[in-house]
Amino acid sequence: QVQLVESGGGLVQAGGSLRLSCVASGRIVTINTMGWYRQASGKQRELVAAITSGGSTNYADSVKGRFTISRDNAKNTVYLQMISLKPEDTAVYYCNADGTSYFGRTFDSWGRGTQVTVSS
C-alpha cells in the first residue's frame, strides 16, 4: 500500500506564488510517473503537470511558463512551484504516483488533496 500526502496549499493573492509538496510512503520499490492534478468546483479533475522518473515533464497549456514540476527520487517527493497565480488556478490539487510495490505489485495512488485559493 502506498500513501501520498500533499502540503503547501493555501490562500494567495493573484500574482503570488505557492509551492506544493507531495511525499510518497509505504511499500515502494519504484515510482514511475508522479503528477499533479486539480479539480475546481463543478469541474472535472485535470492534469496540471507530470514528471517521469527520468525527469521528462508534461504540462497543461494553461500553466506552461508559470508552474514547474520537479521531484527528488531519493525522498519519493514531487514538488509543484507555482508563480504568477491567477484566480482560475483556484482548485483542490491532488498528487498522483504510479509504480511498483513489494512482490511485483503495481500501484496508482492518489493523495487527499490540498486546497489552493487565489484571490483577485
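Colleague: Which residues are linked in a network of salt bridges?

Modeller: Arg-38, Glu-46, Arg-66 and Asp-89 are linked in that way. Keep in mind that this is a predicted model.

Colleague: What makes Asp-89 and Arg-38 a salt bridge?

Modeller: Their closest N and O atoms are 2.9 Å apart. The cut-off is 4 Å, between a side-chain nitrogen of Lys or Arg and a carboxyl oxygen of Asp or Glu. The value of 2.9 Å is within 4 Å, so the pair counts as a salt bridge. Asp-89 lies in the loop between strand 8 and strand 9, and Arg-38 in strand 4 (residues 28-39), so the pair ties together parts that are 51 residues apart in sequence.

Colleague: Why are Asp-89 and Arg-38 called buried?

Modeller: Asp-89 has a relative accessible area of 1%. For Arg-38 the value is 6%. Buried means under 20%. Both values are under 20%, so both residues are called buried.

Colleague: How do you know that Asp-89 also forms a salt bridge with Arg-66?

Modeller: The N to O distance between their side chains is 2.7 Å. That is within 4 Å, so this pair meets the definition too. Arg-66 is in the loop between strand 6 (57-59) and strand 7, while Asp-89 is in the loop between strand 8 and strand 9, so the pair ties together parts that are 23 residues apart in sequence. Both Asp-89 and Arg-66 are buried.

Colleague: How many salt bridges does the structure hold?

Modeller: The structure holds 4. One of them joins Lys-64 and Asp-61, with the closest N and O atoms 3.1 Å apart.

Colleague: Are Lys-64 and Asp-61 buried or exposed?

Modeller: Lys-64 is exposed, and Asp-61 is exposed as well. The label requires over 50% relative accessible area.

Colleague: Let us turn to the cysteines. How do you know that Cys-22 and Cys-95 form a disulfide?

Modeller: Their S to S distance is 2.1 Å. The cut-off is 2.5 Å, and 2.1 Å is within it, so the pair is called a disulfide. A disulfide is a covalent bond between the sulfur atoms of two cysteines. A search of the whole structure finds 1 disulfide.

Colleague: Where do Cys-22 and Cys-95 lie?

Modeller: Cys-22 is in strand 3 (residues 18-26) and Cys-95 is in strand 9. They are 73 residues apart, and the pair links distant parts of the chain. Cys-22 and Cys-95 are both buried. The angle about the S-S bond is -85°, and the link is left-handed.

Colleague: Why is Phe-103 called exposed?

Modeller: Phe-103 has a relative accessible area of 73%. Phe-103 lies in the loop between strand 9 (91-101) and strand 10 (106-110). With Val-29 and Tyr-102, Phe-103 makes a nonpolar surface patch of about 370 Å².

Colleague: What is the phi of Phe-103?

Modeller: Phi of Phe-103 is about 65°, a positive value, although Phe-103 is not a glycine. Asn-76 also has a positive phi, near 50°. Asn-76 lies in the loop between strand 7 (67-72) and strand 8 (77-82).

Colleague: Why is Asn-76 called partly exposed?

Modeller: Asn-76 has a relative accessible area of 24%. Buried needs under 20% and exposed needs over 50%. The value of 24% falls in between, so Asn-76 is partly exposed.

Colleague: What makes Thr-114 buried?

Modeller: Thr-114 has a relative accessible area of 12%, which is under 20%, so Thr-114 is buried. Thr-114 is found in strand 11 (residues 114-119). Residues that Thr-114 touches include Glu-6, Leu-20 and Tyr-93.

Colleague: How do you know that Thr-114 and Gly-9 make a polar contact?

Modeller: The backbone nitrogen of Gly-9 lies 3.3 Å from a polar atom of the Thr-114 side chain. The cut-off is 3.5 Å, and 3.3 Å is within it, so the pair counts.

Colleague: Which backbone nitrogen lies 2.9 Å from a polar atom of the side chain of Tyr-59?

Modeller: The backbone nitrogen of Ile-69 does. Tyr-59 lies in strand 6. Among the residues in contact with Tyr-59 are Val-48, Lys-64 and Phe-67.

Note on methods: Residues are numbered from 1 along each chain as its sequence is written. This is a predicted model: local features need pLDDT of at least 70, side-chain atom pairs count only at pLDDT 80 or more; totals for chains, interfaces and linings use all residues. Side-chain values use heavy atoms; hydrogens and water are left out. Patches are made of residues with over 30% relative accessible area and no salt bridge: like charges are joined within 9 Å, nonpolar side chains (Val, Leu, Ile, Met, Phe, Trp, Tyr) within 5 Å. Accessible areas come from the Shrake-Rupley method with a 1.4 Å probe; for residues, only the protein chains shown count as cover. Helices (H or I, at least four residues) and strands (E, at least two) are DSSP runs, numbered from the N terminus. Buried means under 20% relative accessible area, exposed over 50%, partly exposed in between (1.4 Å probe, protein chains only). A polar contact is a pair of N or O atoms within 3.5 Å; within protein, one must be able to donate a hydrogen and the other to accept it, and residues adjacent in sequence count only if both atoms are side-chain atoms. Contact means heavy atoms within 4.5 Å. Lists of a residue's contacts leave out its neighbours within four places in sequence.
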